[in-house]
Amino acid sequence: MTILSTKHISAILLTLGLTTVSSCGKTTGVTAPIAEANTIAQRLVSTAVAQKPNNPQFGQPIDCTLGKDCFVLLYFDREPGPTAVDFGCGRQTYDGHDGTDFAIPDAKAMAKGVPVIASAAGKVLRSRDGVIDRRLQNDTEKANIAGTECGNGMVIDHGGGWEAQYCHLRKGSVAVKPGTQVQKGTVLGMVGNSGMASFPHVHVTFRYQGKPVDPFVGPDAKVGCNIARNPIWDKPLDYISTGLIRAGFANKPPDINALWEGQFSETQLPANSPALLFWVQSYGVLKGDREQYKLFAPNGTTIADQTNEIKAPSRTWLGYVGKRNSTNSPLTPGVWRAEYRLTRGDRVLTEVKREVELR
């Protein structure tokens, strides 16, 4: 819907009034003033429209349920300087990040296939496939992908000066080529880990007239986070700055690489395992957050009840508790239970319950 300013409305009404008055005349010279008045009115409307972006309604670019089997890990950076802040005044972004990262839990979910879909109808301008999927871990690996930072992806012209760039799709999954006409919801490929990526996700950058736009605030928003918002999403997307990625059990201390690969997802482990560890991977924790772990043996005995205060903020977080297997204190076969709670002040951010069977 186009919104005209009072100035433009008044000018248009004045011009229309000129048209009406002129049309009441009976001389042969009336036609020219009417035509001129109509031209002026059309120009005023066109000027008003040009000054207000015609925001399309973009859909979620990934076929999943946020908060259940996918999540937004990184948002648009709202600060023009070296610091970084997302639109919710949180820290789930980094300096210069010009898009939104819709993530999935691990490489196993990526292998099964999570579709990346067109956020709106449009025409594919450019596309690329063939870049391998791997989690970048150091500067050397990052340097090796120079020129292909987006990995596998495409740029789509959505009309009206709007474009969207979709990045990091899975190798071999890109389903469109330059010139392909897509509809809203058309499958473009699968979520991957190609290019400059350290976790499986699709990065989407929306642009209006060539300038990146934060989809949660719209193209006319001021910098910073305490600002008026005019999101371009077709449906409200909740701002969830802290949440769960995965949780489970392991027979040795897990690390971030192993978790992103999808390891330690078993619900059964050998009773002679060297240890039993309950782990939780989260995102968006802040200094002062408190986490509580509980681990229960098959007979209900509390093996661990540990509360920690997080000392520094982290975009991704890993913690665990557990019990070693020893001759004097062996792991008991049966179903072990675990509970986890992350709180901020008096607010519960995350609650997790898991079970594993030792056999």
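Cysteine 150 and cysteine 167 form a disulfide (a pair of cysteine sulfur atoms within 2.5 Å), and in this predicted model their sulfur atoms lie 2.1 Å apart. The link of cysteine 150 and cysteine 167 is left-handed, with -100° about the S-S bond. Cysteine 150 is placed in the loop between helix 4 (139–144) and strand 5 (152–159), whereas cysteine 167 belongs to strand 6 (residues 162–169), so the pair ties together parts that are 17 residues apart in sequence. Helices (H or I, at least four residues) and strands (E, at least two) are here DSSP runs, numbered from the N terminus. Cysteine 150 is buried, with a relative accessible area of 14%, and cysteine 167 likewise counts as buried, at 5% relative accessibility; in these terms buried means under 20% relative accessible area, exposed means over 50%, and partly exposed lies in between, with a 1.4 Å probe and protein chains only.

The structure holds 3 disulfides. One of them joins cysteine 89 to cysteine 225, with a distance of 2.0 Å from S to S, and this link of cysteine 89 and cysteine 225 is right-handed, with 100° about the S-S bond. Cysteine 89 lies in the loop between strand 1 (71–74) and strand 2 (100–103), while cysteine 225 lies in the loop between strand 10 (211–213) and strand 11 (243–250), so that parts 136 residues apart in sequence are tied together by the pair. Cysteine 89 counts as partly exposed at 33% relative accessibility, whereas cysteine 225 is buried, with a relative accessible area of 12%.

A disulfide also joins cysteine 64 to cysteine 70, where the distance from S to S is 2.0 Å. The link of cysteine 64 and cysteine 70 is right-handed, with 85° about the S-S bond, and both cysteine 64 and cysteine 70 are buried. When bonded cysteines are counted along the chain, the disulfides follow the pattern 1-2, 3-6, 4-5.

With regard to the chain as a whole, there are 5 helices and 18 strands, and 44% of the 359 residues count as buried. Among contacts (heavy atoms within 4.5 Å) with a separation of 6 or more, 68% are accounted for by residues 24 or more positions apart.

Residues are numbered from 1 along each chain as its sequence is written, and side-chain values use heavy atoms, with hydrogens and water left out. Because the model is predicted, local features need pLDDT of at least 70 and side-chain atom pairs count only at pLDDT 80 or more, while totals for chains, interfaces and linings use all residues.
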